[in-house]
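Please keep the sequence and the model open while reading.

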Amino acid sequence: YKHTIKPEVTYQYIPDIDQDDLYWLGRINKKSLLSYGLTSFLIGKTVTEDGNSTYHDYVRFKVYQDYDFEADDHEFSNISAQLDLWPSKYISSSTRVIYDHAEGDFPQFLETVKASDKRGDSLWFDYRYRKSDTQQLNLHTFLKLTETINLIYNTMYDFREDDFIESTYGLVYH
């Protein structure tokens, strides 16, 4: 196993230039943004019987924050964190959270868990929470019935509405 911590500092700058002659394109706004953070990795190495090596990412954790020099309040952004787990070839999880240090709470959260198999079937769900307007659970399934026919089912449940807001059934023919 190998554990690595990688510090990161980036700066993005876009000058404020006249874009009137590019009216058919979307405007690119002026930007002066400093981002900093840490990323932590855990990687495993396996040596096969024939002497070859294979590597597997098990964990990646990233925490970062921005400072916008163009913002009126000149404050640091909320703190963002992401945790990705791959305990096996067929199971993964991703968690993203935002912490509002001024309010002392978590205004956004996203969790995704996925499981699959060798045949190509998969099942995954994601839970989405945004303090202002969203609290929902989404379920996605993909079943490989034959080499040419797949079955899909997706549904979205909204906890604030206490109801399923969308369900999709599908049969895919290749």
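## Aromatic rings and chain layout

Y67 is buried, at a relative accessible area of 17%, whereas F69 is partly exposed at 37%. Buried means under 20% relative accessible area, exposed means over 50%, and partly exposed lies in between (1.4 Å probe, protein chains only). This is a predicted model: local features need pLDDT of at least 70, side-chain atom pairs count only at pLDDT 80 or more, and totals for chains, interfaces and linings use all residues. Residues are numbered from 1 along each chain as its sequence is written, and side-chain values use heavy atoms, with hydrogens and water left out.

The structure holds 12 aromatic pairs. One of them joins Y67 and F69 edge-to-face, with 4.8 Å centre to centre and 75 degrees between the planes. Rings of Phe, Tyr and Trp (its six-membered ring) pair if their centres lie within 6.5 Å; planes under 30 degrees apart count as stacked, over 60 as edge-to-face and the rest as tilted. Ring pairs also link Y67 and F69 with Y11, Y13, Y36 and F76 into a cluster.

A charge sits over a ring if NZ of Lys or CZ of Arg is within 6 Å of the ring centre and within 35 degrees of the ring normal.

| Lysine | Ring | Distance from ring centre |
|---|---|---|
| K62 | Y64 | 5.1 Å |
| K114 | W124 | 5.1 Å |

The chain has 10 strands and 0 helices. Both are DSSP runs numbered from the N terminus: helices are H or I with at least four residues, strands are E with at least two. Strand β5 spans residues 91-100 and includes T95. The side chain of T95 makes a polar contact with that of E111, at 2.2 Å. A polar contact is a pair of N or O atoms within 3.5 Å; within protein, one must be able to donate a hydrogen and the other to accept it, and residues adjacent in sequence count only if both atoms are side-chain atoms. Leaving out residues up to four places away in sequence, T95 touches A81, Q82, L83, F109, L110 and E111; contact means heavy atoms within 4.5 Å.
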